[in-house]
Amino acid sequence: MFLKPKFGDSQPSTTEMLKLFPPPKPKEVILSPSEQIVSVLVPVYVDNSYSYRVPSSLVGGRDAGDGRLQPGQIVRVPLGPRSVLGVVWDDDCNFSDAARLKDVEHVFPDVAFSNSFRRFVDWIASYTLAQRGMVLRMVLRGEEALLPAKPVKALRLTGAPPPRMTKAREQLLDAMQGGLAETKADLIERVGVSGSVIDGLLKSGTLSPCLLPPPPMVEQPDADFAPPKLNDLQEEAAKGIRDAVRKRAFAAQLLDGVTGSGKTEVYFEGVAEAIRAGRQVLVLVPEIALTSAFLDRFAARFGVLPGEWHSGQSQRYRNQIWRAVATGEVQVIVGARSALMLPFRDLGLIVVDEEHDGAYKQEDRVIYNARDMAVVRAHQSGFAVVLASATPSVESRNNADLGRYEHIRLPDRFGGQSMPDIALVDMRADPPEKGNWLSPRLVEAVNQTLEAGEQSLLFLNRRGYAPLTLCRTCGHRFQCPSCSTWLVEHRFRQQLVCHHCGHCEPVPPSCPSCGADDSLVACGPGVERIAEEAAALWPDRHIVILSSDLIPGVQQLRAELELIASGKADIVIGTQLVAKGHNFPAMTLVGVIDADLGLAHGDLRAGEKVFQTLAQVTGRAGRHRGQGRGLLQTYAPDHPVIRALAEADREGFYTYELEQRNRAGMPPFGRLGAVIVSAEDRGAALAYGRVMAQMAPREESVRVLGPAEAPLAVLRGRYRFRLLVATPRAFALSPWLRHWLSLCPKPSGSVRVQIDVDPVSFV
């Protein structure tokens, strides 16, 4: 029978309870000399590392040093009910009871993260206010990437010929007289015999199985395979990049060259210098579409293809490439922004091609700009980084003007080709026929180009058939059920699609609101509608549409680009997919359907983006065949951006844009931080946004604007409000934001807070 202790009428204090029921004394644990406690960062939503004990069985047989695990090594550790990969970090080990520590389960010996790479992970987390574990999640792959490739099963000639010979057996044995081992598949393909012939020779002992080392993932490039013939300006530019690579010290260079000036050939000389030194190279491109064309140019220069890293590759391939990069087996990687997070063994050069492109900004989870982080990685590790563009970002151009970046200029096209003549079509004075979108002047220019046997490009940065579909009877508009945006009609697929969340539904035969038949009207043009108009005007011509939603994969895109480059397409109709990086020798005319598209956005970079896009797309014209032309259809011919394009006044545009930014204290002369508060309930999102505004630390130089409803007020069923923080350039924005968040109550319910340091998008 259990007797309750008596305390009178009052409840016992904690001290009294501890006297009656003292806790058991912790068991004293003495670590043996061979045991070790390590700090391990794991790829989950945490900012801190965890302490683990390293059993002697894992380190006793190690060769390096005293056998103890070193920071950077990859391990498998228990985390709750599961096991996860982690990395031994530099953090101090914090533990009060060693007996409660869990053991490291496994050590992967062949791959380790360098000190500079771990500092890079820490820096990104600190700057972007992301959890360190989430940054590590972008870096680590699964265990398949950590295991060495399996040997290849092969066959070799070892025994006497079999008693019974056939013509096929004789043919196979003659082919294998050199004594080299080959796989069964290779023998079948090379000799042309069946698998049963090989199996019979194996059974007789004439052939024996063996194991071969796995083939290399990527062949080693030859820096001197096909050196280019550079003109004087290119050679001077290439020398500057080669010298920077040789110094093995940080150097940031802006390679600023007009379209067709040969920027790729120039920075390839820097790549060649790194290859000669036995160091690794990363070339970042903003889109998969640019990767395929780049691979051909790389192979022509260096004799082999580089390694690739982008979402179009299989998981197995990326696992193999990841390991090959980490071990130093692969020297050159070409990839999208996520390639920046690969654990290179000895990185000696990063090239950021089309450095101005917005695709380098990752907008979810860890929000970062790969262009800026490439400069940080080069600075921390002490090597060269080259930012290349025909239309540099205003930030990079300002850094070059201030001497932070070396400014390397290529003002002329290679081979003496002229820049295209740009002319404006004032749509107020020269409008198209009713129901059409191509002005008479643009139609006539296409006719002239076709008669000359040359290609035309009609550019509109809008996918689908029409951006809005409405009922002319009742005015019903088709809106996304999860976002505050209209559904875009895709007539080729007979679908209405939301380009933000992916929602799609079939185009109905009648209005769902009033039931009227044949009352749905497509408002505004998309590329499909321009293609429909072009097919009616030029029915006997080969028309190609390049839009990401119409091309199922990388291989199809590559085939389409090769068809255009070969001159087999007469008219190309495309979105920004064709705006940059492509070389179409037969293209001499570019017509921009709506040059004003994007200028009206409430975005401080609206003018910059329009200038860059239109300068890039008109730069596709006249790169090989005589004088190219660009026609810009516009309702605002006097707008400073449109005027700068028409007058080919790059310097005037940058001067104007920098003056406007400086006057407003906007980047690059100031700093911005965006805070997006979202929730499933509008009131909850707005209420928390107001609480955040009230809790903002008071600083004389800091302005906090908002909360205001985001331009895209509802996204994927979540209501969104934005706060914008504006500070001087020298202000320590990230620490201030971190302090602000620490003062705010923890979000509850469905409320989420997202931080974007140095925002690019303002939707």
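1. Strands E1 (residues 36-41) and E4 (residues 82-88) pair in the antiparallel sense over two bridges; strands here are DSSP runs of E with at least two residues, helices are runs of H or I with at least four residues, and both are numbered from the N terminus. Two strands are taken to pair if DSSP finds at least two bridges between them. Valine 40 stands opposite valine 88 in E4.

2. The structure is a predicted model, in which local features need pLDDT of at least 70 and side-chain atom pairs count only at pLDDT 80 or more, whereas totals for chains, interfaces and linings use all residues. Residues are numbered from 1 along each chain as its sequence is written, and side-chain values use heavy atoms, with hydrogens and water left out.

3. E1 and E4 belong to an open sheet of five strands, in the order E2-E1-E4-E3-E5 with antiparallel pairing. At its edges are strand E2 (50-54) and strand E5 (106-112), each of which pairs on one side only. Neighbouring strands of this sheet are turned against each other by 45 degrees on average, direction ignored; the axes are lines fitted to C-alpha atoms, and angles between N-to-C directions run from 0 to 180 degrees.

4. Confidence deserves attention. The mean pLDDT (the predictor's confidence in each residue, from 0 to 100) is 89 for the chain, and 94% of its residues reach 70 or more. Confidence is lowest in helix H1 (residues 14-20), at a mean of 38, and highest in strand E15 (residues 384-389), at 98. Over residues 1-31 the pLDDT is below 50, and this stretch has eleven contacts in the model beyond near neighbours in sequence; contact means heavy atoms within 4.5 Å. Residues 61-65 also have pLDDT below 50, with four contacts beyond near neighbours in sequence. Where pLDDT is low, the predicted coordinates should not be read in detail.

5. The largest nonpolar core has 57 residues, of which Ile74, Phe113, Leu282, Trp322, Ile333 and Ile350 touch the most other members. Such a core is a set of buried Ala, Val, Leu, Ile, Met, Phe, Trp, Tyr and Cys residues joined through side-chain atoms within 4.5 Å; buried means under 20% relative accessible area, exposed over 50%, and partly exposed in between, with a 1.4 Å probe and protein chains only. Not counting residues up to four places away in sequence, isoleucine 350 touches Leu282, Leu340, Ala374, Phe383, Ala384, Val385 and Val386. A second, separate core of 35 residues includes Phe459, Ile551, Leu557 and Phe584.

6. In helix H7 (residues 195-204), Val197, Ile198, Gly200 and Leu201 are buried. Because they cover an arc of only 160 degrees around the axis, they lie on the same side of H7; the arc is that of the directions from the helix axis to the C-beta atoms. Ser196 and Lys203 are exposed on the other side of H7. The buried residues of H7 pack against strand E6 (152-157), helix H5 (167-175), helix H6 (184-191) and strand E7 (207-212).

7. Four bridges join E19 to strand E23 (residues 520-523), and the two run antiparallel. The bridge partner of leucine 468 in E23 is cysteine 523.

8. Proline 506, in strand E22 (residues 504-506), counts as exposed at 56% relative accessibility. Leaving aside neighbours within four places in sequence, proline 506 is in contact with Gln494, Gln495 and Leu496.
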